[in-house]
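Visitor: I am new to this one. Please show it to me, and let me ask how you know what you say.
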Amino acid sequence: MGTDRVKKVCIIGASGKLGQYMVGHALERGYEVVGVCRERSVPKLAAFEGRMTVVPGATNDPEVIRRAVAGCDGVLTVLVPWGVRQYASGTAQAVLDHARPGARLVFSCGWHITRDGKDRYSRLFTLGVRIAAVLGKLVRAVEIDDQVEACRRVFASDTRWTVVRGSSLEEGESQGLPVWSRHVGDPVLAGNLTRRVDFALFMVEALTDDTLVREAPAIVGRLTPSALAHAGASQAP
Ligand SMILES: NC(=O)c1ccc[n+]([C@@H]2O[C@H](COP(=O)([O-])OP(=O)(O)OC[C@H]3O[C@@H](n4cnc5c(N)ncnc54)[C@H](OP(=O)(O)O)[C@@H]3O)[C@@H](O)[C@H]2O)c1
């Protein structure tokens, strides 16, 4: 899809940190922006008042999503595993069901999501994810398994999806578009750090990058030592 064909985008989870950065990038590109966030989080979008439309509601509510994505050429979705009510899979399903056919769908998650099982994780990383999954479920705050299910549904769909897998994140000024690779464990990703503002940049850029359709890029900041060491080497084809 050429840039000229993206005019209106929906950002699901717009009030979060990643979401707000995505709103900013989308407005900078001149897109018409619709954001979805929980009713109580609407004030977090005050800085964008008058420049975007906000649809308040739960992101896993099909009716809310149906209204929000109407007429959108692209949908950017923050897949969060918070709560134990299948929030991530419900959100993904609502987007898959209601976005218009042919729309670009870009979802966010972390490195722990694997598409083809070929990612190579350090023992420490795997242990960390397991502990987070067990503890999160125990205190009924986080449901990592449900984010896995959300991505499984996206991977299985015949929509024009991209699942952007974020490394560890930090705040700070933009360093430019992150670099990516198909598999965690590839040397270019060793730096395991991305500025959140650049994660958002990658998500918004993906809307108009057809080479990312049906890809699950794992990203890392372009100024991390591993990215710099591999600068000039081609990215995943
Ligand atoms: N944090 C990391 O280190 C990290 C690393 C790699 C990838 N990622 C991925 O990056 C994306 C954004 O993550 P982030 O950490 O930067 O968070 P974030 O942008 O601050 O987003 C948090 C989102 O979760 C929502 N939320 C919070 N509590 C909730 C609840 N109880 N029920 C429903 N929604 C709730 C927030 O909505 P409200 O504004 O309404 O609270 C907000 O939209 C996610 O897809 C995540 O998997 C994160």
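**Where H1 meets H6**

Guide: Start with a contact. In H1, the residues Lys17, Leu18, Tyr21, Met22, His25 and Ala26 meet Arg196, Val197, Phe199, Ala200, Leu201, Met203 and Val204 of H6. By class, this contact has 10 nonpolar, one polar and two charged residues. Note that the model is predicted.

Visitor: What is the hand of the crossing where H1 passes H6?

Guide: The crossing is right-handed.

Visitor: Which helix and which strand each supply at least two residues of the shell around the ligand?

Guide: Helix H1 (17–28) does, and so does strand E5 (104–110). The ligand is surrounded by 23 residues. The closest are Ser15, Gly16, Leu18, Ser41 and Gly166. By class, the shell has nine nonpolar, 10 polar and four charged residues.

Visitor: How do you know whether the radius of gyration of the protein chain agrees with that of a compact globule?

Guide: A compact globule of 237 residues would have a radius of gyration near 18 Å. The protein chain has 17 Å, so the value agrees. Along its principal axes, the C-alpha trace spans about 45 × 45 × 35 Å.

Visitor: How many helices and strands does the protein chain have?

Guide: The protein chain has seven helices and 10 strands.

How values were computed: Residues are numbered from 1 along each chain as its sequence is written. This is a predicted model: local features need pLDDT of at least 70, side-chain atom pairs count only at pLDDT 80 or more; totals for chains, interfaces and linings use all residues. A residue is near a molecule or strand if its C-beta atom, placed from the backbone, lies within 6 Å of it. Helices (H or I, at least four residues) and strands (E, at least two) are DSSP runs, numbered from the N terminus. Ala, Val, Leu, Ile, Met, Phe, Trp, Tyr, Cys and Pro count as nonpolar, Asp, Glu, Lys and Arg as charged, and the others, Gly among them, as polar. A crossing is left-handed if the near helix is turned anticlockwise from the far one by less than a right angle, and right-handed if clockwise. Two residues are in contact if their C-beta atoms, placed from the backbone, lie within 7 Å. The radius of gyration is taken over C-alpha atoms; the globule rule is 2.2 Å times the number of residues to the power 0.38.
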